Amino acid sequence: MVLDSTTLHSSIEDPVLDRMNFLNEITFSYPDAVSFAPGRPYDGFFEVEEVHTHLRRYAAYLESRGAGPAEVRSRFYQYGPAAGQIRELVAHSLRQDEGLEVAPEAIVVTVGAQEAMFLTLRTLFATPRDVLLLVTPCYVGIIGAARLLDVPVVAVPERDGRLVVADLDEAVRAQRAAGRRPRAVYVVPDHANPTGSTLDLATRTALLELAERHGLLVLEDSPYRLSGPGPRSPMLKALDGSACVVQLGTYSKTLFPGARVGYVVADQEVRDARGRVRLLAQDLAKVKSMVTVNTSSLSQAAAAGALLSADGRLSVLNARAAEHYGRCMADTLAQLDRWLPEGRRRELGVDWNRPDGGFFLTLRTGFRTGTAALERSAREFGVIWTPMEFFHPFGGGEQEIRLAISCLTAAQVAQGVERLTRFVEALSTGTPGDGTPGGKHGNGTESDAS
């Protein structure tokens, strides 16, 4: 049987769904290139034996709470509740690190934050009138999830690399005037993917005030919150006095990505036609039971054991990694300053932002930085990056580059920035590349826009 592509869901033809594969193909095609594309944790912090330790620790925890051998075995080997079996530990961790008091019943444990997005969008968006506001550029996964679920999206572009709440207010009013219902806005407040930007406290407060005033939900995606050293502004959910915020969390950027354990905090009350009240989390769990049934019990056990090792203080567990990402970001910025000093930057029309941590930063150029430029960069200069246009649902970012620095060594950063500089010089001045990318750097075979 040959299927007609026009009979498949229209999202299958959407370029958004091809972007991960394209980056993977580039990486496999040029294995000696230094890659600033993967947005993943540094492998050097992971040890295989630690997984076994985590599992044994969680088993001991269950036994200390009165579980017999049969129950412990079931917790590891059997299906579990759709909402998750480690919700009390997730709640404890949020209390320890964020001062956030949330009932375990308001939490759903998910297969990473990506499933959390799907569950939340599927539950909240009921009609074609409901629209999702995206502060752009934004994580490609939320764009793809909305597309797959036929959720209409409206872009609210950042200005000078930051969210302007007045622009969001204007977008809400414009959508309502057009007969649509702005249902939620998606934001990454800390070390955002792809820009690396962080919302200051004043913007966080103004955003929550706007959400309460308009009856707008805020989808707070917080995977990179602990990926930088130094003090942090309060989490949006910790500032949420009117239950406007649905928090999407994950342990993929902290404990380890292979577990694929995330969660949703959804403590909003839902009132049915009979006046009965339940938590939004219960509805998310219903949807999850039809999607993945439950998050892997073994993965939950490993994540739980890791949390237990620091009494739930994820910030303590991730402190060494956060320092590493801070140093790696500082090294990258220093190398950019070395190879592209201020005078030369002005000549070439090149600039970049300066995050104090996290995985990402944005480099602005004076030329088109699409897939053709990326392929030339990999082929002729031996350096890979992500076109920022990947993170705009309706166009934008055509002259910008996302650099992910989290999984590189200092030597790879130095080599990569040197190569990147030669690429930028060549395209900015119109000179051909020399085709000599230099030494070999086998720094991974995966590339993603996550």
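Is isoleucine 12 buried, exposed or partly exposed, and what is its relative accessible area? The legends below begin with this residue.

The model is predicted: local features require pLDDT of at least 70 and side-chain atom pairs count only at pLDDT 80 or more, while totals for chains, interfaces and linings use all residues. Residues are numbered from 1 along each chain as its sequence is written, and side-chain values use heavy atoms, with hydrogens and water left out.

View A. Isoleucine 12 is partly exposed because its relative accessible area is 44%, where buried means under 20%, exposed over 50% and partly exposed in between (1.4 Å probe, protein chains only). Isoleucine 12 lies in the segment before α1 (19-29); helices (H or I, at least four residues) and strands (E, at least two) are DSSP runs numbered from the N terminus. Together with Met1, Leu3 and Leu8, Ile12 makes a nonpolar surface patch of about 490 Å². Patch residues have over 30% relative accessible area and no salt bridge, with nonpolar side chains joined within 5 Å and like charges within 9 Å. Areas follow the Shrake-Rupley method with a 1.4 Å probe, and a salt bridge places a side-chain nitrogen of Lys or Arg within 4 Å of a carboxyl oxygen of Asp or Glu.

**View B. The open sheet.** Seven strands in mixed pairing follow the order β2-β8-β7-β6-β5-β3-β4, two strands being paired if DSSP finds at least two bridges between them. β2 and β4 (153-157) are the edge strands, each pairing on one side only. Neighbouring strands are turned by 20° against each other on average, direction ignored. Strands β3 (residues 130-136) and β5 (residues 181-187) run parallel and are joined by five bridges; aspartate 130 has arginine 181 of β5 as its bridge partner.

**View C. Strand β2 and its cover.** Ile107 and Val109 on one side of β2 (residues 107-110), and Val108 and Thr110 on the other, are all buried. Four bridges pair β2 with β8 (residues 262-265) in the antiparallel sense, and threonine 110 has glycine 262 as its partner in β8. The buried residues of helix α10 (residues 280-289) include Leu280, Asp283 and Leu284. Those buried residues pack against β2, α5 (112-124), β7, β8, β9 (269-271) and β10 (277-279), contact meaning heavy atoms within 4.5 Å.

**View D. Arginine 327.** This residue belongs to helix α13 (residues 319-339). Arginine 327 counts as partly exposed because its relative accessibility is 48%.

Note on methods: Axes fitted to C-alpha atoms, helices over the stretch in contact; angles between N-to-C directions.
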